[in-house]
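Subject: The structure, and what turned up in it

Hi there,

Here is the structure I promised to send over. Have a look at it first, and then read on for my notes.

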Amino acid sequence: MSQKDIQDLRQDYRAASLSETDIKQDPFIQFDSWFNQARASEMHEPNAMNLATATTDGRPSSRIVLLKGYNAEGFIFYTNYLSRKGKEIAKNPLGAITFWWGPLERQVRIEGTIEKISKQDSEAYFLSRPKGSQIGAVVSPQSQEIDGREALEEKWNKLEKEYEDKDVPKPAHWGGYILKPRMFEFWQGRSSRLHDRLVFKRADKNNWKIVRLAP
């Protein structure tokens, strides 16, 4: 595909609007409303989100992970603590997540601080996963260089037989994180690129300030 072909890829957004009078005054309630609409649209994995982290000297990295829960405290995901993102979070707990719901022409950006959830909650979720996923978490030295796929599959097959009739214990290096927000941005695509962008900023522990940004 030529550069011109790429430049000509454009879509005019007309599905909805977002105003200060329509938006919920609590960003968690607003997120819940939009998330439920995304689920109802039957799009593929509406809980997929881009997670951005950075090293202490500011080198960023991002990847798609799956949201596995949210509440009035924040947004929960699970991973290997020894992965690249785990190591970055340990040294620099600031992070950001982004949801893109294309069929609804919507984006949600959330920035905040990331911390581990309790071991008990991580274990409860781990036990709820399919056994194959549990074994995968044990087998994979996530983000580390390996010689090839064959060694992974060999180890996975070995552990599948070992744990055929018993539970797989949660690895100590695997568990959950929660991103506790200090900023939300709700983005609704509009015609002629005059998109609606409403931002919630922390005013204090219990209150948020809503502002509009230029598209």
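The chain folds into six helices and nine strands; here helices (H or I, at least four residues) and strands (E, at least two) are DSSP runs, numbered from the N terminus. Please keep in mind that this is a predicted model, in which local features need pLDDT of at least 70, side-chain atom pairs count only at pLDDT 80 or more, and totals for chains, interfaces and linings use all residues. Residues are numbered from 1 along each chain as its sequence is written, and side-chain values use heavy atoms, with hydrogens and water left out.

**Overall picture**

Taken along the principal axes, the C-alpha atoms fill a box of roughly 55 × 50 × 40 Å. The chain has 215 residues, and 39% of them count as buried. By that I mean under 20% relative accessible area, while exposed is over 50% and partly exposed is in between (1.4 Å probe, protein chains only). Among contacts (heavy atoms within 4.5 Å) with a separation of 6 or more, 65% come from residues 24 or more positions apart.

**Salt bridges**

Side chains of opposite charge can pair when their charged atoms come close. The rule used here asks for a side-chain nitrogen of Lys or Arg within 4 Å of a carboxyl oxygen of Asp or Glu, and the count comes to 13 salt bridges.

Glu185 is buried, at 2% relative accessibility, whereas Arg109 is partly exposed, with 26%.

Glu185 also forms a salt bridge with Arg197, at 2.9 Å, N to O. That pair links distant parts of the chain too, with Arg197 in strand β8 and Glu185 in strand β7, twelve residues apart.

Arg149 is exposed at 59% relative accessible area, and Glu153 is partly exposed at 39%.

There is also a network of salt bridges that links Glu20, Arg190, Asp196 and Arg212.

Arg106 lies in strand β6 (residues 106-116). Leaving aside neighbours within four places in sequence, Arg106 is in contact with Ala16, Trp34, Gln37, Phe99, Trp100, Trp101, Trp187 and Gln188.

**Pockets**

Pockets were found on a 1 Å grid over the protein atoms alone: a pocket is an open set of points where a 1.4 Å probe fits, with protein on both sides within 12 Å along at least five of seven lines, and lining residues have an atom within 4 Å of a point. Grid points are joined across faces, edges and corners, and a volume is the space filled by probe spheres set on the points.

The largest pocket has a volume of about 340 Å³. It is lined by 16 residues, of which Tyr78, Thr79, Arg129, Gln142 and Trp174 are the closest to its centre. At least two lining residues come from each of β2 (60-66), β4 (75-80) and α5 (131-139). By type, the lining holds seven nonpolar, six polar and three charged residues. In this scheme Ala, Val, Leu, Ile, Met, Phe, Trp, Tyr, Cys and Pro are nonpolar, Asp, Glu, Lys and Arg are charged, and the others, Gly among them, are polar.

The second largest pocket holds about 230 Å³ of space. Its lining is made up of Asp26, Phe28, Ala72, Glu73, Lys180, Pro181, Arg202, Lys205, Asn206 and Trp208. These divide into four nonpolar, one polar and five charged.

**Two loop residues with positive phi**

Glu45 has phi near 45 degrees, a positive value in a residue other than glycine. Glu45 is in the loop between α2 (27-40) and β1 (48-54), and is partly exposed at 37% relative accessibility. Ser192, also not a glycine, has a positive phi near 60 degrees. Ser192 lies in the loop between β7 (174-188) and β8 (196-202) and is exposed, at 56% relative accessibility.
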